[in-house]
Protein chains: 2
Amino acid sequence: MSTTAFHIAARDGRARTGTLTLPRGEIRTPAFMPVGTAATVKAMLPGSVRATGADILLGNTYHLMLRPGAERMARLGGLHRFMNWDRPILTDSGGFQVMSLADLRKLTEEGVTFKSHVDGSTHHLSPERSMEIQRLLGSDIVMAFDECPALPATEEAVAASMRLSMRWAARSREAFGDRPGHMLFGIVQGGVTRELREESAAALRGIGFDGYAIGGLAVGEGQEAMFGVLDYTPGALPDDRPRYLMGVGKPDDIVGAVQRGVDMFDCVLPSRSGRTGQALTRRGQVNLRNARHAEDPRPLDPDCTCPTCTGYSRAYLHHVVKAGEIIASMLLTWHNLHYYQELMAGLRAAIAAGRLTEFAAAFDAERLAGDLPPV
Amino acid sequence: MSTTAFHIAARDGRARTGTLTLPRGEIRTPAFMPVGTAATVKAMLPGSVRATGADILLGNTYHLMLRPGAERMARLGGLHRFMNWDRPILTDSGGFQVMSLADLRKLTEEGVTFKSHVDGSTHHLSPERSMEIQRLLGSDIVMAFDECPALPATEEAVAASMRLSMRWAARSREAFGDRPGHMLFGIVQGGVTRELREESAAALRGIGFDGYAIGGLAVGEGQEAMFGVLDYTPGALPDDRPRYLMGVGKPDDIVGAVQRGVDMFDCVLPSRSGRTGQALTRRGQVNLRNARHAEDPRPLDPDCTCPTCTGYSRAYLHHVVKAGEIIASMLLTWHNLHYYQELMAGLRAAIAAGRLTEFAAAFDAERLAGDLPPV
C-alpha cells in the first residue's frame, strides 16, 4: 500500500491540475516550490511562506551537506524540524550545484569529488551518497543524482553526460530502495536535442520513478528553445506521474510550461528579485529603485492582497530599498512569492474550468501592457 | 480639554507604573520603545513589533529628514501611514544624531548646519525647524531640540552646552505651540554634574513640558555614573509627568533606572544585537556565532514564548547566523524585542504588586548565573 498518490482532477489540452499527496501534506498542482537553499527561504519566516499559499519547499542538498552537514541535520531531527516547516520538502540531488558552485571538481563514472565553496574542505557525491544525504535530511521528494554539462557543449558531450546521468539514475533508484511515504523522481536530460530527450525519457521509464523531472533547461537556452523541448518531452513521460520542470522560471515561462503539461516548478527568481528591489507583478517586473516611485502613494499592485500591497506604498518600498533596509527584502520577497502562488492558483482554476487558453491570453495582455502609468 | 493623559496607577519606592494615553493608543509604563530609525524597526514587520508587546516606536528625525524628507513624508500622509504603524510614535529632535552622524557641522546660537551622511547635501536644524519636521512627520511625542557635547568635555563645555539646550528648549516650546493630542518633552542635560542637572531640570520646569527626558547619558559614562545621575534627576522633575531616559539601555540599566523613577526607554541594543548574532536573554547575552551551539537542539531560552524560542533550536540559529541568512536577523531581533517587552511587563507587574525589590533581585540572580550549561 502506497502512502503517496498523484491524482489528476482535470485536464485542459496538455495541461493538468490535481493533487500530489504525501504524508506531510497535499500539494496542489500545478505547484510552485519556493527555494529554501540553506534551510531558509531567504527573508521569509516559514509561516509567511505558507501564508503565500506554498504547499512544498525545495531544499538544496549541496548547500545543506556542506553546512550544517547531513549527519548533523539527522541528529537534530531532520530538515523539517530544523527549519520549522512541517509540510513536504523536495530536495535536489546536489548534482547541478556541484557543477555550478563547487571548486576543483573531479568527475568519474563513480561520482564527483569537489571542494566546498564555504571552507575548502573536500567532499564526495555519488548516486549512493546523494540518496543517503537526502534520506538524512528527511526529504519527502528525493531527486535522482544527475550530471549537467557546462554550456555551451557539443551534442556528443550532452549525449555522454545524459547517458552517465541515466546510469546514475539506475543507481539512485537502487540506492533509494523502498521508502513508503517518500518519492523518488528521475530527471530527463539531453539538452535541446529531441532524440536525446526521448532516449533519456525512455531510460527513466524503464527504471521506473514516482515522478519525472525535466532538467538541464533554464540555463540560458532561451524561452523558445525551452518551449521546444517542452513540446515533446512531457509526452514521452508517463501520463499518470507528476512532471517537474527544474529551476523554471519567469511567470511567462511557467504559464507556457503548464500549457505543455508540466505540474511542478521551482525557481529562485521571486526571492532573489525581492532582495534586489525588483517586484514581479501581473503587469511585469517593477524596479523599486527607480526614482519615479519616490512619491507614489499607490501599492505595487492595487489588486494584490499580499501584506506588502495592502500595507505599503511604492514610495515606502522605494525608500527602504534605497536605504538598504532588511524590510525591503522581506516585503518584496513576500509579494513576489504571493504573486507566484496566485498565478499557480489561477492556472489551476483555469484548467479546472477548461479556460486555460483564455487565462493565458489575459495573462499575456496584462503583462505586455506594462506597469501602472505614473501618478 | 486635553486629549493626552499620564496616569500613575501604582508606586513602589521611587518606581511608578501607569499609562500614558494618546489619541493613537495607550502606552503602558514603564515602557520600552523599539527604535525605527529609517521608518522601519530593522528586520521586523510592524505587526511583529506590536506582537512583542510594544505600545510605541521611536523614529529618528535626523534620518527621516534626510531620507525620504519631512515635506515628502507629509505629502505621503505622515510617518504612521508610511511605515504602516498606527500606534503612537515618539520622534527625537535630530540634535543628538546631527552631532554623532553628520559631517561638517556648524553650530551657532540659532541652530546647526550640516552635511548629510547620505548624499553630502547641506541641511539646517534649529528648534523651530525641528518642531516643524516632527509636525510634518506626524509624531505623537515630540522632543525639544537640544545639543549634546562630544565627550570627553570639560564641565564648562557641558554647562555651556546645557544652557544653549535650555534656550533651545524655550524656543522649541514656543515653536511647538498648542497641538491637542500631541505632547512635547523637554530634555534635561548637564552631564554627570548634579548642579548642572538640577539647573537644567529647573529651567525645563519653568518652561513647562508634557514630559521630561533625561539626555546625555548612555554615551560611555558607565552604569555607576548613570545611576548616580538617576539618583537625583527624576526627583528634580514634576512627579505627575512621564520621565524618559534616552538611549538606554542594557536590561540591567533599565531595571536600575525604573527603580530610580524612570518611565520610558528606547535603545537600539535589542535590534542591533539581533543583527550581529547576539541574543539577549534573562540569563544574559548569548553569542550564537559560538560553535558550542552548532548541535544544541534546545531553544535560546526554554521559558521564552517568542516565535524564535518556540520554533527554532540554537543549532538552527547558529547555522543561519554563520550562513549570513536574513532570517537570523529576523529571528534574533524578534526574540530580543520580545525579551525586552517581557522585562517591561515584569517590571510593571512587580511595581503594581509592591514587589520590585524582589523582582530586581531575582532578575540579577538569573542574569548573573549565566547561560544554560552545555548539553
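This is a predicted model: local features need pLDDT of at least 70, side-chain atom pairs count only at pLDDT 80 or more; totals for chains, interfaces and linings use all residues.
Reader: How many residues of each chain are in contact, and what is the area buried between them?

Author: The size of an interface is often given as the accessible area lost when the parts come together. Here 38 residues of chain A are in contact with 38 residues of chain B, and the area buried between the two chains is about 3,100 Å², with carbon and sulfur atoms giving 61% of that area.

Reader: How many salt bridges and how many polar contacts are counted between chain A and chain B?

Author: The count between the two chains is six salt bridges, and one of them joins B:Glu295 to A:Arg75, whose closest N and O atoms are 2.6 Å apart. Twelve residue pairs are found in polar contact across the interface of chain A and chain B, with both residues of each pair at pLDDT 80 or more.

Reader: Which helices of chain A each supply at least two residues of the side that touches chain B?

Author: On that side of chain A, at least two residues each come from α3 (70-75), α4 (79-83), α13 (314-322) and α14 (326-352). The largest share, six residues, comes from α14(A). When the residues of this side of chain A are sorted by kind, they divide into 22 nonpolar, six polar and ten charged.

Reader: How many residues of the two domains of chain A are in contact, and what area is buried between them?

Author: In chain A, 30 residues of domain 1 are in contact with 24 residues of domain 2. The area buried between domain 1 and domain 2 of chain A is about 2,300 Å², of which 73% comes from carbon and sulfur atoms. The count between these domains of chain A is one salt bridge and five residue pairs in polar contact, both residues being at pLDDT 80 or more.

Reader: Which element gives the largest share of the side of domain 1 of chain A that touches domain 2 of chain A?

Author: The largest share of that side, six residues, comes from α10(A). The residues of this side of domain 1 of chain A divide into 16 nonpolar, seven polar and seven charged.

Reader: How many salt bridges does a search of the whole structure find?

Author: Such a search finds 56 salt bridges over all chains. As a case to look at, A:Arg171 forms a salt bridge with A:Glu128, with the closest N and O atoms 2.8 Å apart. This pair links distant parts of the chain, since A:Arg171 lies in helix α7 (residues 155-176) of chain A and A:Glu128 in helix α6 (residues 127-137) of chain A, 43 residues apart.

Key:
Residues are numbered from 1 along each chain as its sequence is written. Chains are lettered from A and ligands numbered from 1 in the order in which they are written. Side-chain values use heavy atoms; hydrogens and water are left out. Contact means heavy atoms within 4.5 Å. Buried area is the accessible area (1.4 Å probe) that two parts lose on being put together, summed over both. A salt bridge is a side-chain nitrogen of Lys or Arg within 4 Å of a carboxyl oxygen of Asp or Glu. A polar contact is a pair of N or O atoms within 3.5 Å; within protein, one must be able to donate a hydrogen and the other to accept it, and residues adjacent in sequence count only if both atoms are side-chain atoms. Helices (H or I, at least four residues) and strands (E, at least two) are DSSP runs, numbered from the N terminus. Ala, Val, Leu, Ile, Met, Phe, Trp, Tyr, Cys and Pro count as nonpolar, Asp, Glu, Lys and Arg as charged, and the others, Gly among them, as polar.
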